[in-house]
Amino acid sequence: IMNLAFTMGIVSFMAVIRISKSNFNEIVKAVSLVSLLAMPLIFLDVVWWFFGSVCLIAFVFYVKSIMKKEFKRNKTVISGLVSIEVIKTLLALLVSVSAVVVFSALVSDFAVSMAKILGVMESLIGTTVLALGTTLPELSVAIVAIKRKDIDIVIGDTAGSIVTNMT
């Protein structure tokens, strides 16, 4: 909820966002299915490996279906030669993901300390501070995409983040 409301709320002040009917239908379908998948969490006291496996399998199928549709739509063949640009991009992605992992551990530790200092439940800090912290990467991607006038990236990043977070 934080990702969608906060990111799209701020981005909508920067640009008019038009979502095509097909994109809208895909987003609604994905978020609805993942919401149904997450529904047992309300009723379970413990989440065990089976539920985690089901969530991961659902995520893999979601990504696979998106890729299949995109390859059908574009029908371009990527050449077999790996360019320097591809290597640089993959390296930047690896460094970025590594930084996110390291800093997320620091933010989690900070949030636990903050909860203890303020004398509140860790879950309260998790639903506010950590929710905002995990939304900031989507917001920064959305702002850069808006500046580049690439609205599809904004929509895809926000919707993909919701589905990924829920699975």
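# Why is it called that? A talk about a predicted helical model

Mentor: Welcome! Let's start with the largest pocket: α2 (21–38), α4 (49–74) and α7 (151–166) each supply at least two residues of its lining. Please keep in mind that this is a predicted model.

Trainee: Which helix gives the most to the lining of the largest pocket?

Mentor: That is α4, with 11 residues. The pocket has a volume of about 1,200 Å³. Of the 30 residues that line the pocket, the closest to its centre are Glu 26, Tyr 62, Ile 66, Glu 70 and Gly 156.

Trainee: How many helices and strands does the chain have?

Mentor: Seven helices and zero strands. Read along the sequence, the pattern is α-α-α-α-α-α-α.

Trainee: What makes Ile 155 count as buried or exposed?

Mentor: Buried means under 20% relative accessible area. Ile 155 has 6% relative accessibility, so Ile 155 counts as buried. This residue is found in helix α7. Leaving out residues up to four places away in sequence, Ile 155 touches Ile 17, Arg 18, Ile 19 and Ile 27.

Trainee: How far is the C-alpha atom of Ile 155 from that of Leu 4?

Mentor: They are separated by 9.6 Å, while the two residues are 151 residues apart along the chain.

Trainee: And why is Lys 149 called exposed?

Mentor: The cut-off for exposed is over 50%. Lys 149 has 72% relative accessibility, so the residue counts as exposed. Its place is in the loop between α6 and α7. Lys 149 also has a positive phi of about 60°, although it is not a glycine.

Trainee: What about Phe 6: why is this residue called partly exposed?

Mentor: Partly exposed covers the range between the two cut-offs, under 20% for buried and over 50% for exposed. With a relative accessible area of 27%, Phe 6 is therefore partly exposed. Phe 6 lies in helix α1. The C-alpha atoms of Phe 6 and Glu 138 are separated by 9.7 Å, and these residues are 132 residues apart along the chain.

Trainee: What makes a set of residues a nonpolar core?

Mentor: The residues must be buried, be of the listed kinds such as Ala, Val, Leu, Ile and Met, and be joined through side-chain atoms within 4.5 Å. The largest nonpolar core here has seven residues: Met 8, Val 11, Leu 139, Ala 142, Ala 145, Ile 146 and Val 154. The elements that give two or more residues to this core are α1 (2–14) and α6 (122–147). The largest share, four residues, comes from α6.

Trainee: Which residues is Val 11 in contact with?

Mentor: Leaving aside neighbours within four places in sequence, Val 11 is in contact with Ile 17, Leu 139, Ala 142, Ile 146 and Val 154. In soluble globular proteins, nonpolar side chains tend to be buried together.

Trainee: How much of the whole chain counts as buried?

Mentor: Of the 167 residues, 17% count as buried. The accessible surface of the chain comes to about 12,500 Å², and 73% of that belongs to carbon and sulfur atoms.

Trainee: How do you know which helix has the lowest confidence?

Mentor: We look at the mean pLDDT of each element: helix α3 (residues 40–43) has the lowest, 71, and helix α5 (residues 84–118) the highest, 86. The chain averages a pLDDT of 79, and 88% of the residues score at least 70. Where pLDDT is low, the predicted coordinates should not be read in detail.

Note on methods
Residues are numbered from 1 along each chain as its sequence is written. This is a predicted model: local features need pLDDT of at least 70, side-chain atom pairs count only at pLDDT 80 or more; totals for chains, interfaces and linings use all residues. Side-chain values use heavy atoms; hydrogens and water are left out. Buried means under 20% relative accessible area, exposed over 50%, partly exposed in between (1.4 Å probe, protein chains only). Contact means heavy atoms within 4.5 Å. Accessible areas come from the Shrake-Rupley method with a 1.4 Å probe; for residues, only the protein chains shown count as cover. pLDDT is the predictor's confidence in each residue, from 0 to 100. On a 1 Å grid over the protein atoms alone, a cavity is a set of points where a 1.4 Å probe fits but cannot get out, and a pocket is an open set with protein on both sides within 12 Å along at least five of seven lines; lining residues have an atom within 4 Å of a point. Grid points are joined across faces, edges and corners, and a volume is the space filled by probe spheres set on the points.
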